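Colleague: I would like to learn how to read charged side chains in a model like this one. Could we go through them one at a time?

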Amino acid sequence: MTTTNNKLRSVLLTAMLVMSVFAGTAAFAGTAVANYGDAQGTEVANGDRYWQGQTLFVNNVQDANGDRADNTKLEIVIDSDDSDDGDLVKEVFTNETGDVQFGTSNLDGDYRLQIASSNHEINNFEVASQDLTASFDPADVDNEFDTTSDLTLDSARAGYDAYITADSLSDDQVASILDDASENDVTDNGVEVTEIQSDTLGTDFSDVDAGNYTFTVEVVDTGATADADINVTEGGDASASFASDSVVSEERGDTAEFTVDLSNSKTSEVSIGSEDVNWKANFTVSDDDDDGEVTVQFNTFNTNVGNVDADNGGFISVSDGDSFSVDESEDSRQGVHTNWDNQPSEDDASLDNPIAAGQYEMTVGVDGNEQDVTQLILNEGSVDSAQVWTHPDADAPEELSTVLEGVTEDDSTAMQDLAVVQVSASGIYGSLDADQSKLDSSVAEDDSYSLNFTQTNPGANAQTNDFHGADVTQTYFDAENNTFYAVVDTSGDNGIEVGDEYRATFTQHANSALVDEAQSTNTTFSVEERTLEFTGVNESDVLPVDGNITGDTSIAAGSEFTVQVKSDSFVRTATATVQDDGTFVAPFDFSDVDTGTELTVSASSGDASDEVSGVIVESADDGEDNETTTTDETTTTDETTTTEETTTEETTTEETTEETTTEETTTTESDGGIPGFGIGVALVAFVAAALLALRRSN
């Protein structure tokens, strides 16, 4: 019997052990299911910020002893440094596995999650309100041309997910409107856009029905929403036209410019020439900067076969921010004689010359439809005239406008100033503007242009000093006004000396692709000593100074230099500016300097200088207080008697005059006194003080 009981006990213990294993397994499985995950909210990390409306959770809450706090009451209290610290906001319970989940719709601030019975802190965290606004920029688009807009989202939060819907549009349509539709999921709640990190979402309303639409953006985990309205209109017809109604006129060899206006289109086909003139080019311009226009530069000098591509120095370029492309189809020839059956080679000598002077038809259009036409008129260029100017700067300015502001027409240039040679010529800038080096050498066999400077007064049996375009300081091209300027530094490395005379000659040679006979123009200038001299010096070599100091100089008009006046007691300076006639004035004020004060007056500019002795001949302070006046008329005058009687109460002045006439009177200024405060005034003041003292004593 005992043996039987032992056997039964063993069976029961084994069964209990097996059941306990299964029960434990079931309990662990239950714990895993009870833990909250990302799909059920956001797990709280100590010290982090969360957003109002989110569902938060904490798994496996433990008490102060490290034991799991199952079915335990927790508190959410205010966490702050003020008197509200610890105030209860909300109570929540953990479940049977120590996990807790709670909402934040009524939270806004800093909080602690703690066990209610012991105040044992579990986590501290912050909840902030997610502000959200949405708008379209622009708020008006069309469904053909101006189809794009930015959906701008403004929120303090970044990296959130949102559902986007729109009234009257399906979720699939909304997904296609969003630029990154391939990355967005269409859900039952709308188009889900994840991890929004940018302030803008691109949209494109191409082929969307015209109408007003309201887009709603709803944050997935907080429920924050915002609306944005947009108006979609029917797109207009695409068109292109020339900006000006006038024909385009330019000299052959220069760069012609014209502007194409675009409406409801970003591109336009352009053609220049026709079969009638035996030359034609075709290309497409693109309005990449969306300003509704493209400006085209057509370099008529570079119009040889295959030279349309700007990357190869071709004859077409467009305004910054835009682009163009070349029609490379077999039926489109670029700069080719259109009546030739076969495409000529690019090195065919017969095509080296620029297109001829004449009239060329130009057209623009969209999608193969010609919509506007004008004419390009090319005239023969010419070399017309030259003249010379002087400029005061020691270094050539960077901008032509600065040069022109400072020049003076003068064929005589002082040493160390700049001689500016101006050449008026047309039909040369398509080549020269892009390659100034073509002016840099003397005449060579293959030169198209030259700029030479030749000394005309070397003297008997002396070698002339010659230099060329490469020796000038800087060249400026003003193609719009058919002019260029070459600046010569008289003190540079070109061998110029005082007294030299030069002829500057610009030539367009016969071997140029633009002319059959050479064309030339020239001008002359001389280089003189740099001088500066004060005017008004007397026979004693002394400069009488009564204010402004004047002088003459050979320095270029507009030059400025400092004039210094020095005496034993002061040093003063003023800036003098050279006038067009070579004179200068330095403004001074010597009203506080005594007449007869001796001075040293000096000035310098570069190698030019002058110094003279000077003297103040008249003080500007010679006014009524320091003036001696003598009348020529003298008459007999009876003496005027003035009696002053003074008492402590009243002062009476009696004057008895039998006759008053003019007599010689001298008024002098007393040294050391206060102006206007003489002896008489002092006596009156003394009497007044005595009266005041007497009155107070009474």
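Colleague: Is Asp-207 buried or exposed?

Modeller: Buried means under 20% relative accessible area, exposed over 50%, and partly exposed in between, with a 1.4 Å probe and protein chains only. Asp-207 is exposed because its relative accessible area is 67%, and Asp-207 lies in the loop between β15 (200–204) and β16 (211–219); strands here are DSSP runs of E, at least two residues, and helices are runs of H or I, at least four, numbered from the N terminus. This is a predicted model, in which local features need pLDDT of at least 70 and side-chain atom pairs count only at pLDDT 80 or more, whereas totals for chains, interfaces and linings use all residues. Residues are numbered from 1 along each chain as its sequence is written, and side-chain values use heavy atoms, with hydrogens and water left out.

Colleague: Which pairs of side chains meet in a salt bridge?

Modeller: Side chains of opposite charge can pair when their charged atoms come close. A salt bridge is a side-chain nitrogen of Lys or Arg within 4 Å of a carboxyl oxygen of Asp or Glu, and a search of the whole structure finds 10 of them. One of them joins Glu-126 to Arg-49, with the closest N and O atoms 3.5 Å apart. Glu-126 lies in strand β8 (residues 121–128) and Arg-49 in strand β2 (residues 49–51), so this pair ties together parts that are 77 residues apart in sequence. Another salt bridge is formed by Lys-73 and Glu-91 (3.8 Å, N to O). Since Lys-73 lies in strand β4 and Glu-91 in strand β5 (residues 88–93), the pair ties together parts that are 18 residues apart in sequence. Lys-73 is partly exposed, with a relative accessible area of 33%, and Glu-91 is also partly exposed, at 42%.

Colleague: How far from Glu-75 is the nearest side chain of opposite charge?

Modeller: Lys and Arg count as positive and Asp and Glu as negative, while His and the chain ends are not counted. For Glu-75, which is buried yet has no salt bridge, that nearest side chain is Lys-73, 6.8 Å away. Glu-75 lies in strand β4 (residues 73–78). Leaving aside neighbours within four places in sequence, the residues in contact with Glu-75 include Glu-91, Arg-112 and Asn-119, where contact means heavy atoms within 4.5 Å.

Colleague: What share of the protein chain counts as buried?

Modeller: Of its 698 residues, 38% count as buried, and the chain has 5 helices and 47 strands.
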